[in-house]
Structure formats: structure tokens, C-alpha cells
Amino acid sequence: MYAFDYKSPSSLSEAADMLQSSDDGVLLAGGHTLLPTMKQRLASASDLIDLGGVSELRGISVSGGQVTIGAMTTHAEVAASSEVANAIAALADLAGGIGDPQVRNAGTIGGSIANSDPSADYPAALVGLGATINTNSRSIAADDFFTGMFDTALDENEIITQVSFPIPDAAGYSKFPNPASRYAVVGVFVSRSSDGVRVAVTGAGPSVFRVAEMEAALADSFSAASVAGISVSDDDLNSDIHASAEYRAHLVTVMAKRAVQKAGG
Amino acid sequence: MSGTGIGASVRRTEDLRFVRGAGKYTDDMNLLGQTYAYILRSPHAHATINSIDTSAASQGDGVVAVFTAEDMAAIGGIPCGWQVHSKDGSPMHEPKHPVLAEGKVRHTGDPVAVVIAESRSQARDAAESIEVDYGVLPAVVDMNDAVTADSTSVHDDVGTNICYDWALGDPEVVDEAFSNAAHVASLDLVNNRLIPNAIEPRCAIGDFDQATGQYTLHTTSQNPHVIRLLMGAFVLGVPEHKLRVHAPDVGGGFGSKIFHYAEEIIVTWAAAQLNRPVKWTADRSESFISDAHGRDHVTKVELALDEDGKFLALRESTLANMGAYLSTFAPCIPTYLHGTLLAGQYATPVIYCEVKAVFTNTVPVDAYRGAGRPEATYLLERIVQVAADQLGMDPAEIRRRNFIQPDQFPYQTPVALVYDTGDYDASLSKALDSADYAGFAARKASSKAAGKLRGIGISSYIEACGIAPSNVVGSLGARAGLYEAATIRVNPTGSVSVLTGSHSHGQGHETTFAQVVSEKLGIDFDSIEIVHGDTDKIPFGMGTYGSRSIAVGGTAIVNALDKIIAKGKKIAAHLLEASEADIEFEDGQFVVPGTDKAKAFGEVALTAYVPHQYPLEELEPGLEETAFYDPKNFTFPAGTYVCEVEVDPETGVVDIASFHATDDFGTIINPMIVEGQVHGGLVQGIGQALLEAACYDDNGQLLSGSYMDYTMPRAADVPSFSVDTTVTECEHNPLGVKGCGEAGAIGSPPAVINAILNALAEVGVTELDMPATPHRVWQAIRSAQAS
């Protein structure tokens with residue numbers, strides 16, 4: 001690592017001030033991407049602002065048809081939450097399948113979505129449920145939040161505070177994990193609610209995306225058979241040593257079917 | 001059997017310190033005045049070094065020194081420990097392996113310069129300011145390209161990328177057998193390159209005492225005396241009495257810590273230059289590009305059979321990757337540890353094997369758990385399966401029909417080895433029973449009803465452990481002996497220190513060897529200490545690799561114990577006023593049978609050191625004996641593995657439904673430790689079959705250079721194993737032991753692949769290379785369906 005100043009704010013406003021006043025400050029959440037990258041000297045920061053002590057960013061609440069999760073809530077906390085499991089079981093299921101126990105005990109929802117890794121699980125849930133991302137200055141719809149590979153709608157110095165998920169009638173997540181990293185080669189999140197059906201795909205492309213054709217078919221008939229014959233084009237999909245674009249396109253259909261089955265369809 | 005003797009599942013003595021975090025590894029050591037080395041490595045696979053400017057780095061904060069190849073011009077290159085000759089009689093090409101790159105880099109990770117500073121981060125900071133002007137050259141990556149006449153040469157002074165062109169057997173006799181055969185099975189396959197990934201990264205600390213001229217190297221090694229010999233005699237020119245090599249607790253090796261590495265030389269040499277200790281510890285990313293890799297063969301194999309499925313001849317042609325330089329034992333792996341294993345468990349009358357070793361711009365390749373024998377087993381057990389399929393024979397039956405029979409031992413194979421003992425059908429039958437082979441069809445049907453493809457695969461492997469004898473291996477090109485040494489030091493109050501040349505880096509020697517001593521001397525297990533890993537303490541030993549420790553190191557211990565007992569009888573005879581010939585030693589007592597005359601082992605030990613009542617005229621005081629043991633032959637563990645898989649045709653995911661292993665390791669000292677060794681080996685073999693692959697791109701960049709992309713097996717990737725044994729005792733060592741460290745990794749890959757191809761047969765797939773990742777399996781299914 002290159003040298004940096006370590007800062008440990010105890011409130012959101014203190015964190016925001018520190019970020020604002022630093023030359024090149026970086027927020028530290030779970031650190032699973034940031035710290036390895038810094039260790040490899042591929043990233044550096046003047047100040048590392050650790051949000052671990054900001055208690056107002058943690059916690060889970062369910063009210064008014066919404067599940068709200070603080071940005072610094074760990075994957076393990078979401079996975080173990082009976083409130084989440086009762087309201088949106090698929091969300092707890094997704095959190096419980098991220099990485100491994102070490103990752104889940106340190107990684108956070110805010111850190112994950114701010115990083116916008118194309119293979120991360122959470123973006124599928126946020127877009128697949130039509131969530132809202134709250135920051136210290138505004139609210140952003142999930143559909144507008146993920147703007148590309150490792151890119152989001154967040155402004156410089158903006159801090160995610162919490163994510164609100166509307167509770168659907170049914171939802172399911174099915175993931176094909178990278179055998180090495182356990183990130184999603186393809187993950188498909190499907191939900192059905194009074195607002196309609198959402199199908200969100202992570203891992204396959206540069207950023208999470210929805211599959212309109214599947215959504216329409218499922219709105220018509222919410223069953224695995226409805227999506228079995230629908231495939232996405234592999235033109236813009238990722239390709240690496242683990243999976244070709246063609247294989248990813250195939251897996252989108254398979255994972256969509258299985259997600260619908262998990263959602264009871 | 002006593003509670004702590006041979007055959008008891010004694011809990012591992014060493015685990016008490018390991019599970020408490022109290023093990024002492026090299027990186028746990030910190031010496032007064034220690035400095036830290038950072039190695040600047042090549043980012044290119046192949047490039048000339050036009051210039052290196054270290055002036056800025058030398059001025060860096062905390063920097064003590066910066067060295068390049070120029071500074072080390074006076075010392076030798078890294079030696080290779082085995083010379084193979086080509087079939088035309090010429091010696092292999094043996095280009096210099098410089099400690100730091102001289103004028104050219106030949107793989108990503110090749111060491112270019114070293115910065116030594118007061119801290120690791122200062123050393124790394126300074127290294128970033130070293131300016132290297134590289135002239136990037138085309139990288140030689142693919143072996144098939146590397147052996148073409150117009151390929152770029154990895155070593156300009158060699159002029160070809162073929163290190164040697166070796167052969168074993170008579171090609172004309174084999175060709176004739178093929179031309180007369182009723183059936184020929186043929187297969188092209190790849191044995192995938194693996195990266196060892198011991199849990200403890202390599203570490204080395206050099207120290208120099210200016211007052212005495214004494215060098216010390218603390219290092220993560222499986223064989224400290226080998227390192228002392230290679231580095232002292234061939235690289236630094238330091239005599240043995242001025243060089244101590246110490247390998248304390250070592251967290252796994254799997255072969256990768258046999259070899260003599262550049263960093264060991266750098267820290268030892270630099271410590272003397274600077275008169276300060278120098279420490280280097282690899283980080284994990286560095287391990288991926290600096291530890292020797294394993295396997296990496298491209299092979300064509302053919303099997304000739306008669307109309308009844310009897311094997312008539314085997315023919316193999318392989319390209320074996322050496323990487324950019326010859327690592328310590330690299331040349332012998334695809335030759336004498338591979339070609340000689342091609343008879344397997346079968347009475348194949350004639351065999352021909354040719355191997356071209358190939359230089360490429362990749363990390364050097366050397367022994368990795370199994371070393372040559374997994375490659376031989378894989379091609380053999382795969383071609384046997386192909387032949388069975390093509391002839392419509394049951395895969396168990398074709399094996400039975402060709403097994404060497406128990407009454408044929410000792411059995412001279414056509415590929416040099418003489419098997420001493422074995423009963424292959426016993427292991428096969430036991431494994432098939434355990435796996436409920438007869439019930440497979442029903443299980444397959446129920447998988448099919450659930451939309452899954454089920455398959456079963458068999459692998460009947462043989463391996464050769466305890467490579468020996470020294471004069472034979474010397475004639476085959478080994479530049480070292482392959483004996484082992486042990487000293488039994490009986491202390492005055494009867495406790496025993498065992499100084500062994502074997503090295504334990506996870507194998508549990510401190511337990512197993514103590515069990516042997518406890519059994520032989522009839523003394524308390526807790527009064528025995530196993531000392532290893534320090535050239536200042538132990539006799540000259542060859543270390544641990546090739547599953548040799550119990551067969552070779554254990555026998556040295558037994559031979560030294562026999563000397564102790566023989567001397568003890570003389571002392572006891574004097575004490576008991578009896579004739580030496582009348583003394584027997586049993587259960588820790590020297591007795592005169594038929595009388596009540598007895599002396600406990602402890603009394604005899606005390607007498608040896610307090611020799612008041614002692615035959616001083618005829619016998620030296622003290623009770624300490626050393627034995628060097630050079631085996632007459634290899635040992636030959638063998639067994640059968642049965643793997644059952646279920647494939648999801650929609651995704652290509654392979655689930656191992658069950659895995660049944662039956663091994664014949666001869667006498668077993670500690671069944672629990674052996675079972676653990678088998679489990680570990682099976683997981684590594686399954687890792688090779690399903691998960692692990694070192695992937696280079698065309699530019700020689702390692703794409704699988706971290707755990708994000710290199711798939712190490714996890715617990716969830718493997719089933720709960722069913723492990724069993726049969727026993728035929730090794731006939732040429734006193735314990736009857738054969739060794740168990742590598743069998744799992746040797747026997748399991750073909751069992752897995754045979755099972756997958758058995759499952760995929762119903763969708764028309766006939767070929768599949770390792771690792772059988774979901775992507776590959778899916779592609780194979782798709783291609784089969786398309787055609």
C-alpha cells in the first residue's frame with residue numbers, strides 16, 4: 001500500500017466533512033475490493049475514511065411496505081435477518097450466497113453497490129426489486145443508479161446512507177457463481193408485484209440490466225416456462241477464462257427459469 | 001500393537017502447536033538488525049533488458065542497497081539437479097538460470113533487481129523508481145508452436161526450444177505389435193498446468209556472522225540439506241561447515257518447496273554483502289509467478305489390443321513444458337517419473353514412450369504432488385477407458401483381464417521398473433463393492449428422471465515412491481543420492497531424540513516416526529522427540545518428496561534403532577551377567593528368556609552414560625547410532641478409485657456424487673494420518689480434474705494469477721470420501737511400508753474424467769480435457785449436439 005491517513009468518523013456528517021476536505025479521500029466500507037486493490041498498489045488515497053464507526057449507517061427496518069437496509073449493514077446481517085427473510089426471502093437468500101463467510105461478515109450493501117462490480121450480486125436485487133438508494137443528499141432509483149462497469153450515478157463526495165426495497169408479492173434469485181471467486185458469472189433476480197414484473201441480470205454484462213422480453217412474458221404468465229424460450233443476445237456480454245459471452249447468454253435463460261421457480265412460478 | 005505403536009491412530013503431536021497458532025514458521029522469525037528485500041520482477045514474458053537505472057531507487061527512504069545481475073556476476077547460476085539425455089545420446093540443453101535476469105527476461109515474474117531496505121514498504125517504494133528499459137520480444141507460450149523450426153528461442157544460446165528429446169522402449173517392436181493388433185484405441189489429451197499454492201508462501205532469511213564467516217539461511221524448504229549442497233557448492237562457493245540451512249515449521253510444500261529458488265541465494269548472498277540479516281517473504285500474487293508450477297503435458301497415446309481386450313502394446317508421445325528455465329528436478333519428472341510408470345497395473349508386454357521437454361516463456365515447471373506419475377496414470381487410465389468403450393467392455397472387466405497377477409511378482413515391466421508386490425484385483429474388487437458398482441444402473445435411472453446425467457468412472461493407479469537406489473538414479477542422470485539418514489540419540493534418562501533427514505511440512509512425521517520408535521523400543525510415546533529441518537542438528541538427509549519419508553526415512557530410523565538395540569544387548573548382557581547371544585529385547589525390556597533376568601531400556605540407557613558397571617574395554621559408552629539407508633528399489637503403492645458424478649446438462653455443472661478409494665500402502669503406521677493424506681490428495685486430484693488451470697494469454701501473461709481466477713478446491717466442491725485399504729507389504733524394507741502422500745492426487749483425475757465422460761456418453765460427448773469446468777462441459781455437450 002501507499003501511505004495514507006486513516007480517519008475514523010463517528011457520524012455521517014463527520015464522514016462527509018472529512019471526505020469533502022480531503023485531497024483524494026476514499027470511503028472504506030467492507031473493503032473487499034478497495035483494500036486488495038490498494039495492497040496491489042493499483043489504488044491509492046490521501047485519506048481512508050472508515051465508515052465502520054458510523055452507527056447510523058447500520059441496521060435493518062421493515063415498515064410501510066419497504067425493507068430499508070443501512071449502507072454499512074453486512075451481508076451476514078441481511079442473510080440472518082428474520083425481518084428480511086419474512087418480507088423478501090429472496091433478498092436474504094442473495095445476501096447469504098455472496099462470497100464466503102469471511103466476505104459476508106465484513107462486506108456491506110453500501111460498499112457493494114457503490115463499487116458497481118459487474119459481477120456483484122446486490123445490483124440484481126436492487127434493480128430486480130426497483131429499490132431506491134438514499135444518499136446524504138438525495139434519493140436515486142436503482143434503474144438510474146448503475147451507470148456502467150464500476151460506475152454509478154453517485155456524485156463525488158456523495159455517501160450512500162441506506163437502500164429501500166419495496167416488498168414484492170414474489171421474488172427469487174438464482175446465481176451461477178464463478179467457481180474461483182464466487183462472484184456471479186450470471187445472476188438473475190426476478191420479482192412480481194402490483195407494479196409489474198422485473199427481471200434483472202448481473203454478471204453477464206458490463207453492468208446490471210433488465211430483460212424486457214422476459215418481464216413481458218412473465219407479466220403474462222408467471223412461470224418458468226414463460227422465459228425458457230427467451231434468450232438474450234450475447235453481443236455485449238462479458239467473456240473471460242471462466243465463461244464465454246455465448247455461455248453467459250445461455251445461463252441468463254437458465255438462471256431466469258430457476259429464479260422464477262424460486263419465486264413460486 | 002500398543003496404544004502409540006505401529007497401527008494406532010495417534011493424534012498428531014504437532015497439531016497442538018499448530019492449532020494454537022504457536023507453530024514457528026520462517027516468517028515468524030525476525031533477527032536483530034534485519035533488513036527486507038523486495039524483488040522487482042519482469043512484467044513481460046520475453047524481453048531484452050536494454051538498461052536498468054537504479055540511481056533513484058538507491059536514494060529512496062530507508063534503502064540499504066539495490067542489486068542487479070551485474071552485482072552478482074561472481075556467483076553461479078541456479079543449478080539443475082538432474083541431467084537427462086536425448087535418445088540420440090546427447091545431453092539435454094541446460095541454459096544458465098541466472099539468479100537475477102542477465103540481459104533478458106524469460107517469464108513474467110522473472111527477478112530483475114532486488115531492493116533491500118529497512119522495511120518492506122520502503123523496499124517496494126524504491127523498487128517502483130527503478131527504470132528498466134525493456135525491448136519486448138514475441139513470447140513463446142504454446143508448446144506446439146515452441147517446437148516448430150521457426151519459433152522464437154527462449155534461450156538464444158540454445159537455439160531450439162527442445163530441451164531434450166527422450167525416449168524409453170523399442171519403437172520398432174511396439175510398432176510391430178500395433179500393426180498386428182485387432183484394435184487400436186487412440187487419444188489426444190492435455191494434462192493441465194497447476195499452481196501449487198501451499199498455504200504458507202515462501203520465505204527466506206539470510207544471516208551472516210562476520211566474526212566466524214558463518215552463513216545461515218532460514219527457509220521454507222522440504223529439504224534443507226539439498227539446498228545447502230546446491231547453494232553452497234554450486235552457487236555461492238561456501239563450504240558446508242560455514243553454511244547452515246534451517247527449515248523450521250513449513251506450511252505445506254506439495255513439491256514446490258523442494259527446489260532451490262533465486263530468493264534463497266539473494267538473501268544469503270546479500271546478508272554477507274551488507275553484514276545484516278535480509279528477509280524476503282512472498283506475497284500470494286508473487287507466489288503465483290515465482291513458485292514452480294506443475295504438470296503441463298500435451299500427449300498423444302495409443303493402446304493396441306487383441307480381440308479379447310488384452311493389451312498388446314502402448315505408445316505415447318508427449319510435449320512436457322519446462323517453462324523458461326530448468327528448475328531443480330524438472331528434467332526427471334516427465335521422463336523417469338513418468339515413462340517408467342506406463343505399465344500401470346497391467347501386463348502390457350511392450351511400451352514405447354517419447355518425451356520432448358520444451359522451453360517456453362512461462363514460470364518453470366517442476367515436481368508437484370505426484371510429479372510425473374499423475375500424468376502417466378491419467379493417460380493410461382483414460383486410454384483404458386476409451387478402449388473399453390470402443391470394445392463395448394465393462395471398464396472393470398478390461399482392467400481385470402490385463403492386471404499383473406499376484407503370482408507374477410516380482411514383476412519386470414517393459415519400462416524398467418520391477419514391482420515387488422501387489423494385489424490389484426483385491427483393491428479393485430473392494431472399491432467396486434464399496435461403490436455399489438452393481439447398483440449404478442438404478443442410480444443412473446433415478447438421476448435421469450430428475451433431468452441429470454449420471455456417470456461412473458474407474459481409475460486403477462500405480463505409483464512409485466522412494467525413488468532409488470542411488471547408483472541407479474545416478475546412472476539415469478540424478479546429480480544427488482537418494483538415501484535417507486537418521487540418528488537415534490538415547491538420552492541418559494531414557495528419552496529419545498530422533499534426528500531425521502526427512503522433513504515434515506504437514507505430513508505428521510513427529511507423530512508417525514515417534515510411533516515407530518515407541519513400537520520398536522517399547523518406550524513411552526511422549527518421551528520421544530523428532531528433530532528435523534536443521535543442517536546443524538541432523539545428519540545429511542535428502543528431505544521429503546515423492547512419498548519417500550516413511551519408506552526411506554522411516555527405514556533409516558528403524559536401522560538406527562536396530563543398532564541401538566544391538567548395543568543395548570551388549571550392555572544388558574554385562575549387567576545381567578549373561579551371554580549377549582541370550583539377550584532378547586521385548587516390550588522395552590532386555591531379558592534372558594526363561595529366567596527372571598531383565599533390565600529396562602531406561603536402565604541400560606543410564607548405564608551407557610554412567611558407565612560404572614560397563615564393559616569399557618570392549619564397548620564405547622553412550623547410546624547414539626546413525627544409519628544411512630539407500631533403498632534397493634522403489635515402493636509401489638497401488639489402488640483403485642471409483643468416482644460417481646451427476647452432471648447438470650443445462651449448466652454443465654459436475655457434482656461428485658460419491659468417491660470410493662481403496663489403496664494398498666503396505667503396512668500403515670497411523671491410519672488416521674494416512675486417511676488424511678488420502679483425503680488431501682483426492683482433493684488436489686479433483687481440483688485438477690474439475691477446477692484448476694494455470695492460463696496464460698498469447699503474450700505470456702498469467703490470467704489466473706490470483707484466487708479470483710485460479711480455482712482452489714473448497715470443502716463444498718468435494719464429497720465425503722469413502723476411504724479403505726488393502727495390504728500387501730513392501731518386501732524390501734523392514735516396516736513393509738510403501739508411502740501414501742501422493743496417491744490421491746495421482747489416481748483421482750482419471751476417475752473423475754472417466755465418470756464425466758461416462759455420464760456424457762448418452763449425449764454424444766467423447767472428448768473432454770481437464771479441468772472439466774461447467775463452461776467446458778456445456779460446450780462439449782453443445783458441440784456434440786450440433787454434430
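## Charges in the two chains

In this predicted model, chain A carries 15 positive and 30 negative side chains, and the centres of these two sets are 9 Å apart. Chain B, for its part, has 54 positive and 101 negative side chains, with 3 Å between the centres of the two sets.

## Overall form of chain A

The secondary structure of chain A consists of twelve helices and 14 strands, and its C-alpha atoms occupy a box of roughly 55 × 45 × 30 Å when the box is laid along the principal axes. A compact globule of 265 residues would have a radius of gyration near 18 Å, and the 18 Å found for chain A agrees with that expectation.

Among the contacts of chain A that have a separation of 6 or more, 59% join residues 24 or more positions apart. The domain assignment gives this chain a domain 1, covering 1–53, and a domain 2, covering 170–262; taken over C-alpha atoms, the centres of these two domains of chain A are separated by 34 Å.

Helix H8 of chain A, which spans residues 122–129, is mostly covered, since eight of its eight residues are buried. These buried residues of H8(A) are Tyr122(A), Pro123(A), Ala124(A), Ala125(A), Leu126(A), Val127(A), Gly128(A) and Leu129(A). After H8(A) comes Gly130(A), which has a positive phi, near 65°.

Is Ser164(A) buried or exposed? Ser164(A), which is placed in strand E10 of chain A (residues 160–166), has a relative accessible area of 11%, and because buried means under 20%, Ser164(A) counts as buried. Leaving aside residues up to four places away in sequence, Ser164(A) touches Gln66(A), Val67(A) and Thr68(A), as well as Ala131(A), Thr132(A) and Asn134(A). Val199(A) stands 35 residues from Ser164(A) along the chain, and the C-alpha atoms of the two are separated by 18 Å.

## Overall form of chain B

For chain B, the secondary structure comes to 19 helices and 28 strands. The radius of gyration of chain B is 27 Å, close to the 28 Å that the globule rule gives for 787 residues, so chain B is as compact as a globular protein of that length. Along the principal axes, the C-alpha atoms of chain B fill a box of roughly 90 × 75 × 50 Å.

How many of the 787 residues of chain B count as buried? The share is 62%, and the accessible surface of the chain comes to about 27300 Å², of which 49% belongs to carbon and sulfur atoms. Within chain B, residues 24 or more positions apart make up 79% of the contacts that have a separation of 6 or more.

## Domains of chain B

Chain B is divided into domain 1 (31–137 + 202–281), domain 2 (297–467 + 633–786) and domain 3 (483–629), so that, by the domain assignment, domain 1 and domain 2 are each written as two stretches of sequence. The C-alpha centres of domain 2 of chain B and domain 3 of chain B lie 40 Å apart, and the contact between them takes 19 residues from domain 2 of chain B and 17 residues from domain 3 of chain B.

Methods. Residues are numbered from 1 along each chain as its sequence is written. Chains are lettered from A and ligands numbered from 1 in the order in which they are written. This is a predicted model: local features need pLDDT of at least 70, side-chain atom pairs count only at pLDDT 80 or more; totals for chains, interfaces and linings use all residues. Side-chain values use heavy atoms; hydrogens and water are left out. Helices (H or I, at least four residues) and strands (E, at least two) are DSSP runs, numbered from the N terminus. The radius of gyration is taken over C-alpha atoms; the globule rule is 2.2 Å times the number of residues to the power 0.38. Buried means under 20% relative accessible area, exposed over 50%, partly exposed in between (1.4 Å probe, protein chains only). Contact means heavy atoms within 4.5 Å. Accessible areas come from the Shrake-Rupley method with a 1.4 Å probe; for residues, only the protein chains shown count as cover. Lys and Arg count as positive and Asp and Glu as negative; His and the chain ends are not counted. The place of a charge is taken as NZ of Lys, CZ of Arg, CG of Asp or CD of Glu.
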